[in-house]
Amino acid sequence: MITLIGNMKELFEQKRNVHVLYSYYGMKEYTEKIVDFIQDGTSLGEYVVVIENERIYRMLKQELAIRLKPEQMKLVHHVNNFDFYYSSGSYHPPAIVDYFFKTVKPYVDNNKPFRSWAHVEWGTMEDPLHLIEDLERIVDGAVNELAFPLICAYEGDKMPEHLQKSLLRTHPYILIDEEVNVSENYTLKANNK
C-alpha cells in the first residue's frame with residue numbers, strides 16, 4: 001500500500017528535509033519536472049543546485065531563460081553530474097558527499113534556503129550499482145541534517161530490478177506522475193533499525 005502525500009510543492013511547504021526518488025520515462029516528462037522544480041524554488045527565493053549533465057543542462061537553461069527573471073537565474077547553480085559522481089576518478093560515495101557539502105557550504109553557512117536536483121546516470125552496467133545504496137543512505141542523512149529538499153532522478157528504463165528495490169529502501173518519498181507518495185519499503189526499513 002502506498003500512502004499519498006500530495007504534490008511536491010505542498011510537501012516542501014510542510015517540511016524541508018525531503019528526499020524523493022523520481023524514476024522518469026522520457027526526456028519530455030523529465031524536462032518538465034526539473035524545470036517546474038527549479039521555477040518553484042527560485043520563485044520562493046531559494047537557491048537551486050542542479051546536478052545534471054552538460055547536454056541536458058544546456059536545454060534546461062534555454063527553457064529557464066524564457067520562464068525565469070534574470071535575478072531568479074542567478075539562484076540556479078549547475079554542477080556537472082559526471083564531475084560530481086566521479087570527482088575522485090571513480091564512483092566513491094565519501095568523495096561524492098564531500099563534493100556535495102562543499103557545493104552547499106555557502107548556503108548553509110549563510111542560512112540561505114536551497115534545494116537540489118540530482119540526475120544519477122551511469123555509462124554501463126559495469127558501473128558500481130551496489131554503491132548507489134551506500135551513497136543514498138549517506139545522502140538521506142544529509143537531507144535530514146541540513147533540512148533541504150532533494151530529488152534524485154533515475155532513468156526508469158535503465159534501472160535493473162535490484163537497483164529499484166535498493167532505491168525504494170533509501171528514499172522516504174517517491175514521485176509518481178504529479179504526486180508524492182511515501183515509500184513503504186523505506187518505512188519498513190526505518191522501523192527495523
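I begin with a definition: a salt bridge here is a side-chain nitrogen of Lys or Arg within 4 Å of a carboxyl oxygen of Asp or Glu. By this rule, the count for the structure is 13 salt bridges.

This is a predicted model, in which local features need pLDDT of at least 70 and side-chain atom pairs count only at pLDDT 80 or more, while totals for chains, interfaces and linings use all residues. Residues are numbered from 1 along each chain as its sequence is written, and side-chain values use heavy atoms, with hydrogens and water left out.

Helices (H or I, at least four residues) and strands (E, at least two) are DSSP runs, numbered from the N terminus. Buried means under 20% relative accessible area, exposed means over 50%, and partly exposed lies in between, with a 1.4 Å probe and protein chains only.

Let us turn to individual salt bridges. Which residue forms a salt bridge with Glu46? The partner is Arg115, and the closest N and O atoms of the pair are 2.6 Å apart. This pair links distant parts of the chain: Glu46 is in the loop between helix H2 (27–43) and E3, Arg115 is in strand E5, and 69 residues separate them. Are these two residues buried or exposed? Glu46 counts as buried because its relative accessibility is 6%, and Arg115 counts as buried because its relative accessibility is 2%. The pair also belongs to a network of salt bridges that links Arg16, Glu46 and Arg115.

Next come two salt bridges within helices. In helix H6, Asp109 and Lys105 lie 4 residues apart, about one turn of the helix, and their side chains meet in a salt bridge at 2.5 Å, N to O. Asp109 is partly exposed, with a relative accessible area of 48%, and Lys105 is partly exposed, at 45%. In helix H8 (residues 161–170), Lys165 and Glu161 are likewise 4 residues apart, about one turn of the helix. Their side chains meet in a salt bridge at 3.2 Å, N to O. Here Lys165 is partly exposed, with a relative accessible area of 43%, whereas Glu161 is exposed, with 54%.

I now come to the strands. Two strands pair if DSSP finds at least two bridges between them. Strand E3 (residues 47–52) has 5 of its 6 residues buried, so it is largely enclosed by the rest of the structure. E3 runs parallel to strand E5 (residues 114–119), to which 5 bridges join it; Ile51 stands opposite Ala118 in E5. E3 also pairs in the parallel sense with strand E4 (residues 76–80), over 5 bridges, and there Glu52 stands opposite Asn80.

Elsewhere, strand E2 (residues 18–24) pairs with E7 in the parallel sense over 3 bridges, with Leu21 opposite Ile174 in E7. E7 pairs with E8 in the antiparallel sense over 4 bridges, and Ile176 stands opposite Glu179 in E8.

What lies between E7 and E8? The two strands form a hairpin with 2 residues between them, and Asp177 in the turn has a positive phi of about 60°, although Asp177 is not a glycine. Asp177 counts as exposed because its relative accessibility is 59%. Another residue with a positive phi, about 50°, is Asn111, again not a glycine. Asn111 is in the loop between helix H6 (93–109) and E5 and is exposed, with a relative accessible area of 69%.

Finally, the surface. Which residues form a negative surface patch? They are Glu10, Glu13, Asp177 and Glu179. Patches are made of residues with over 30% relative accessible area and no salt bridge, like charges being joined within 9 Å and nonpolar side chains (Val, Leu, Ile, Met, Phe, Trp, Tyr) within 5 Å.

Note on methods. Accessible areas come from the Shrake-Rupley method with a 1.4 Å probe; for residues, only the protein chains shown count as cover. Lys and Arg count as positive and Asp and Glu as negative; His and the chain ends are not counted. The place of a charge is taken as NZ of Lys, CZ of Arg, CG of Asp or CD of Glu.
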